[in-house]
Amino acid sequence: MVGETDRNTDSKTDCKTERVRTLASVRPWWVPLPSVSRNKKERASFSVSTMKQSYIQLTRVFTDDEAQINKKLPKELLLRIFSCLDVVSLCRCAQVSRGWNVLALDGSNWQRIDLFEFQKDVEGPVIENLSRRCGGFLRQLSLRGCQSIADGSMKTLAQLCSNVDDLNLNDCKKITDSTCQSLSKHCPKLQRLDLASCSSVTDQSLKALADGCPSLTHINVSWCDQISENGVEALAHGCPKLRSFISKGCLQVNDKSVSCLAQFCPALEVVNLHGCLHITDEAVQQLAEHCPRLHYLCLSGCSHLTDTSLIVLAQQCHFLSTLEVAGCSQFTDAGFQALARSCRLLEKMDLEECVLITDTTLIHLAMGCPRLENLSLSHCELITDEGIRHLGTSPCAAENLTVLELDNCPLITDASLEHLISCHNLQRIELYDCQLITRAGIRRLRFALKGSSITLTDLTMTLFYKQESSSQHSSACLLCTSNATTYGRGESPTLLPLLCHLVNRLDDDIASACDI
């Protein structure tokens, strides 16, 4: 036994001695290789040997004792630098050396994690390992689109990362009420939760959150079609600090739900009820009376609403900056006139398919909403050139208007485009199916407004004219779309017949402007 032990000791000593000799014989990385002619086998052997030597040398360079960066910078500063890196960069740094591995994988660097780009690869064990690594350091986690994540791994996350305050589970299809119950039990600091498209979530989730997450300020339950007034009422009672409530497509959310939210959550600033078909003026009146800080309101698709809603918003919600009411077909000029007089902070308005409004609405918006930047009038078939003239020539539009959507406004002509030339900040105009708009009018506006994108719908295909300019040059590009297929100039030789056919249908001026 003693002899065997001595032989093992001698063997280890010989190995260490050989390793030292190998390292001592390695050529420093800064010394150039000698140029000696060799045959193919010798060159291959030499390359392998060189690679091995380079690897050994790099290993020595990045050891904690020898790396210059580790000598110059204290670990606290390196840790602070690592805290600014994303997930991929941190993982790469962790492979440099043992010291960097410890620093890069320190829990303090993993406070904010977004795994959306890795959604197809993220499964339960990944989340469980991540939870153990981050522990109480984790504050913000986005698992948007990670459809393999289920309740088991989320339970582990809730237990180990109890300080999380921002969690995005958008489109995590396997998530059920069990996850929300775990969050309620272990994560009392939760403030933001996105459950959009988690179709298995029910009222039980909202009741659990109301019991265990009193600090909740933002929640998104869009397309969770099992959410009803019972869950919303429980949430309103248990989370009085709520500032944002988004429930797009929740058909069971009704007036009673919204009224309860308004009464018990007076700090609400953002409310999105898109597609909540049973909402009436009563719900909007409650929001306006109890939530004076409201600045974003989406009521698109709530077709039962009338001018009463607009009038009460004008009276109570003076901080309103975004109003989306697409498809509210009962709104008239009277309602928007009242709104324009009182809500002077409006920046974005979506009035698509408000089919009863006329030029009068545009006249009042031009005078009363100096900050208006984004306006959609699509399918407002009573709008004419006169309304666009008032809008385009107003001082506010000239300074602030950047997006104007006029699709399917059949009375709009080239005269409207002439009125918009003074809007020098205009970035996008949409003119789908404006049959009275001519190519000449589009060409004039396109050259007058550098950097704007103008859309014209033809009978068979859609043409986008995009003027791209820079300090040194400007060029015009043509993009043709037919059905769901996109064709770009220069992408394929097979597109030449299509482009030639298109050119034959265009005016000579347009063809030359597009450089075809």
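## N-terminal cap of helix 12

Asn254 caps the N-terminal end of helix 12, with a side-chain oxygen 3.2 Å from the backbone nitrogen of Lys256. This is a predicted model, in which local features need pLDDT of at least 70 and side-chain atom pairs count only at pLDDT 80 or more, while totals for chains, interfaces and linings use all residues. Residues are numbered from 1 along each chain as its sequence is written, and side-chain values use heavy atoms, leaving out hydrogens and water.

## Burial of helix 12

Helix 12 (residues 255-264) is mostly covered, as seven of its ten residues are buried (under 20% relative accessible area, 1.4 Å probe, protein chains only). These are Asp255, Ser257, Val258, Ser259, Cys260, Leu261 and Ala262. The elements covering them include helix 11, strand 6 (244-246) and helix 13 (281-290), where contact means heavy atoms within 4.5 Å.

## Helices 10 and 11

The axes of helix 10 (residues 203-212) and helix 11 (residues 229-238) lie 8 Å apart, at an angle of about 10°. Helix 10 is therefore roughly parallel to helix 11 (angles under 35 degrees). From helix 10, Asp203, Leu206, Lys207 and Ala210 meet Asn230, Gly231, Val232, Ala234, Leu235 and Gly238 of helix 11. The residues of this contact comprise five nonpolar, three polar and two charged.

## Helices 8 and 9

Helix 8 (residues 151-160) and helix 9 (residues 177-186) have axes that come within 9 Å and cross at roughly 10°. These two helices are therefore roughly parallel to each other. Asp151, Met154, Lys155, Ala158 and Gln159 of helix 8 meet Ser178, Thr179, Ser182, Leu183 and His186 of helix 9.

Notes. Axes fitted to C-alpha atoms, helices over the stretch in contact; angles between N-to-C directions. Helix = DSSP H or I, 4+ residues; strand = E, 2+ residues; numbered from the N terminus. Parallel < 35°, antiparallel > 145°, perpendicular 65-115°, else oblique. Nonpolar A, V, L, I, M, F, W, Y, C, P; charged D, E, K, R; others polar. Buried < 20%, exposed > 50% of the residue type's maximum accessible area, 1.4 Å probe, protein only. Polar contact = N/O pair within 3.5 Å; in protein donor to acceptor, adjacent residues only side chain to side chain.
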